[in-house]
Amino acid sequence: MPVLDPPTYYRDIKPLFTQWDRIQMIGRFDLWSYADVKSRANSIWLSMQLDPAKPNTGWSLLPFVHVMPAVNGPLPQAQIDLFKAWIDAGCIEGDHPQPSTPTPTLPIFVALSEALTGFDDLHTNPDLAQAYLDRLLAGEPAAAVNSLLAAQKGLDAVPYAERAAKLGPDAGKNAGAQAIILIWYNGGVLSKSSPTYYTMAPAPQKYIYGLVWRAIGAHPMGYATENTPSYWRFEPQPTQLPPMTGASGPAAGWPT
């Protein structure tokens with residue numbers, strides 16, 4: 001039989017946790033951080049499993065904690081076993097994902113995006129810009145976006161204050177421009193085949209970085225590190241709160 005490679009964090013474990021899982025747990029630790037997950041690995045593994053001694057309650061094997069995660073959990077047994085195999089193998093970190101090669105039109109896309117959205121700092125997150133461009137060029141808006149990028153060749157050399165004038169007053173009516181604005185504000189684009197359905201971009205933290213939140217001066221719904229104490233499949237009931245350490249600390253065993 002072939003010898004299988006032991007599981008590693010970046011290849012096998014990180015993909016188990018969705019962006020939403022990460023957002024909801026960021027007040028305690030980062031599920032997309034190798035160091036954070038390694039240091040809490042056993043608690044996380046226990047929290048993935050229903051307690052057979054307490055059927056139909058949602059409690060996990062981790063004391064006073066309900067099964068995680070909520071969005072795509074409880075996880076299939078195969079994924080729980082994979083997490084345990086990762087622990088047993090020594091919590092191997094593995095190779096970091098290789099950064100993608102920037103698309104040649106990325107500088108024009110960023111300059112155009114800044115002019116269309118009115119935000120002049122989009123160039124500070126090139127990974128997010130590349131993810132958005134990849135999504136646009138892989139979907140329905142591809143032809144319109146490519147045509148617009150070709151027409152605006154050299155826009156990245158134009159100072160930000162002069163770009164809007166170069167685009168003209170009707171720039172926002174272009175189909176490619178509308179797709180670019182939409183993906184920056186909402187992290188996705190509307191599908192022509194289903195006008196109420198957003199096809200989301202596979203970008204890190206696209207939900208957090210949507211410009212809609214900056215435009216309205218609010219943090220994303222469900223993402224407020226100052227008041228996100230924990231995140232599990234079910235909230236503990238008032239009569240089942242864990243004993244507290246001190247005035248407000250969690251009980252021993254919680255993955256803090």
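Trainee: At roughly what angle do the axes of helix α6 and helix α7 cross?

Mentor: In this predicted model, the axes of α6 (residues 106–117) and α7 (residues 126–137) cross at roughly 100° and come within 10 Å. Axes are lines fitted to C-alpha atoms, for helices over the stretch in contact, with angles from 0 to 180 degrees between N-to-C directions. Helices are DSSP runs of H or I with at least four residues, strands runs of E with at least two, numbered from the N terminus.

Trainee: Why are α6 and α7 called roughly perpendicular?

Mentor: Angles of 65 to 115 degrees count as roughly perpendicular, under 35 as roughly parallel, over 145 as roughly antiparallel and the rest as oblique. α6 and α7 are therefore roughly perpendicular to each other.

Trainee: Which residues of α6 meet α7?

Mentor: Leu106, Phe109 and Val110 do, and their partners in α7 include Pro126, Tyr132 and Leu136. Contact means heavy atoms within 4.5 Å.

Trainee: What makes a set of residues a nonpolar core?

Mentor: The members are buried Ala, Val, Leu, Ile, Met, Phe, Trp, Tyr and Cys residues joined through side-chain atoms within 4.5 Å. Buried means under 20% relative accessible area, exposed over 50%, partly exposed in between (1.4 Å probe, protein chains only). The largest such core has 29 residues, and Phe109, Leu112, Leu136, Ile180 and Trp184 touch the most other members. Its largest share, eight residues, comes from α6.

Trainee: How are the residues numbered, and what limits apply?

Mentor: Numbering runs from 1 along each chain as its sequence is written. Local features need pLDDT of at least 70, side-chain atom pairs count only at pLDDT 80 or more, totals for chains, interfaces and linings use all residues, and side-chain values use heavy atoms, leaving out hydrogens and water.
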